[in-house]
Amino acid sequence: MLTLINTNRMLPLIGPVGLDYVAGSAGQAGIDVEVLDLALAQDPAEALKKYFSTQQPQLIGLSFRNVDDCFWPNADWFVPGLKDTIDSIRTLSSAPIVIGGVGFSVFPGQIVEYTGADFGIHGDGETAIISLIRQLQGAKNFKEVPGLLWRKNGRIISNPPNWPDHISLTTARDFIDNPSYFEQGGQCGVETKRGCDRKCIYCADPLAKGTKLRLRSPSEVVDEIQVLLSQGIDVLHFCDSELNVPRSHCYAICEEINRRSLGSRIRWYAYMLPVPFDEDLAKNMAEAGCAGIDFTGDSACSSMLKTYRQQHGKQHIADVVRLCRQNRITVMIDLLLGGPGETPQTVAETIDFMKKINPDCAGAALGIRIYPGTAMGEIAARDLKQGRNFNIRRKYTGPIDFFKPTFYISSALGEQPAKLVRDLIGDDRRFFAPADEIDSEALGDSVPSSYNYNENLPLVRAIREGARGAYWDILGKIR
């Protein structure tokens, strides 16, 4: 009755966690569900033909995780590939097609329009997919389906996004081949919450997941961890944008892991903010098996942190590095260089400070992906309206279109901003340095200076040879 298809084929392979949750929810509702995983297929086109030669579902759901790789200068756009997949399915099945996933929920209307899909689900898919099937079976009153995008009289109608206050997900994790993803991707993901109540100028998470924090119970999260452990998966990544927001929830999950004596049996990684983070939390996380944390640093310059609307200062970044060292947690600081007001002086201040505080890795990402609906989108749109497009970087031609990968890099950094950053970094191997547009085409199979995970061949090779963990940690070690 329901066929769910994973369309994400980025390498290294990343398990479609959301698809697993949606399939489990539909199965629990008594719906006959099958998953067709194109990421694990040797020949996706042939896999589609073979599947639909024998199966005729009532509804086909496509999971769309990433609109693009969100990384300058690669700027690899995945929406055309999604359209190609839908066009192929149209020749094999007459069933209606619905798209969902985090990537879809950032540009829901535009993706439905571009791909020609029948439906889309903006926000959580677990209850919405069940409601959609019931309406297809009955009155077809699509306005009752939460988060649904649907067509009426040639127009796309958008129901309010589906961000239910209560979130409880299946813990079975048995609709996707998690062991294969662990072998080929080096880790498996778990969600502990959805939504983000912060107001960083660049982030699309509130667009896709809502602006209210929606927490899963710690016992449910750890039940899921135990299920994955029973499948032979002992290296995990928490998929939350920031695990320590709120601190109490992060702490409670660690306590539950420790209560079940699982900390010595698993290794896990997370994204976190420098605030809130303290000695007690770091100790509790280390005991619970935390192996590494990627902190959102953005900058060590107070003016840039204010621009990005961050609540931490440079001393907070230094403190988290110290606390991680004390608790034997590998630490990465993610920087975001080139935003509004960035100058050679502010970049130098940030790079020099990173060298001083000595994290295991520092990601010197250059360029901000511009998303409509964010403050960064408003800033860029205002600049364009005033005829100021000198901060815009893109690889496509024609009119500037934020639906396609479009980036902001402060023009004050000059004609060669990546070279400026690399010169400031020097030969310091703790940094993942940015590549120039020309360099990115020539990197190929070399030792990675970039930490763009999309088609990162050295990373794929390391995982194939047995490396496990967060990708930044693996890349840092093989450097």
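Student: In which strand is the place of Thr296?

Tutor: Helices (H or I, at least four residues) and strands (E, at least two) are DSSP runs, numbered from the N terminus, and in this predicted model Thr296 lies in strand β13, residues 290-298. Residues are numbered from 1 along each chain as its sequence is written. In this predicted model, local features need pLDDT of at least 70 and side-chain atom pairs count only at pLDDT 80 or more, while totals for chains, interfaces and linings use all residues; side-chain values use heavy atoms, with hydrogens and water left out.

Student: Does Thr296 count as buried or exposed?

Tutor: Buried means under 20% relative accessible area, exposed over 50%, and partly exposed in between (1.4 Å probe, protein chains only); Thr296, at 14% relative accessibility, therefore counts as buried.

Student: With which side chain does the side chain of Thr296 make a polar contact?

Tutor: A polar contact is a pair of N or O atoms within 3.5 Å; within protein, one must be able to donate a hydrogen and the other to accept it, and residues adjacent in sequence count only if both atoms are side-chain atoms. Here the partner is the side chain of Glu242, at 2.9 Å.

Student: What separates the C-alpha atoms of Thr296 and Asp334?

Tutor: These C-alpha atoms are 5.2 Å apart, although Thr296 and Asp334 are 38 residues apart along the chain.

Student: Where is Glu220 found, and which side chain is joined to its own by a polar contact?

Tutor: Glu220 belongs to helix α9, residues 218-230, and its side chain has a polar contact of 2.6 Å with that of Ser168; because its relative accessibility is 12%, Glu220 counts as buried.
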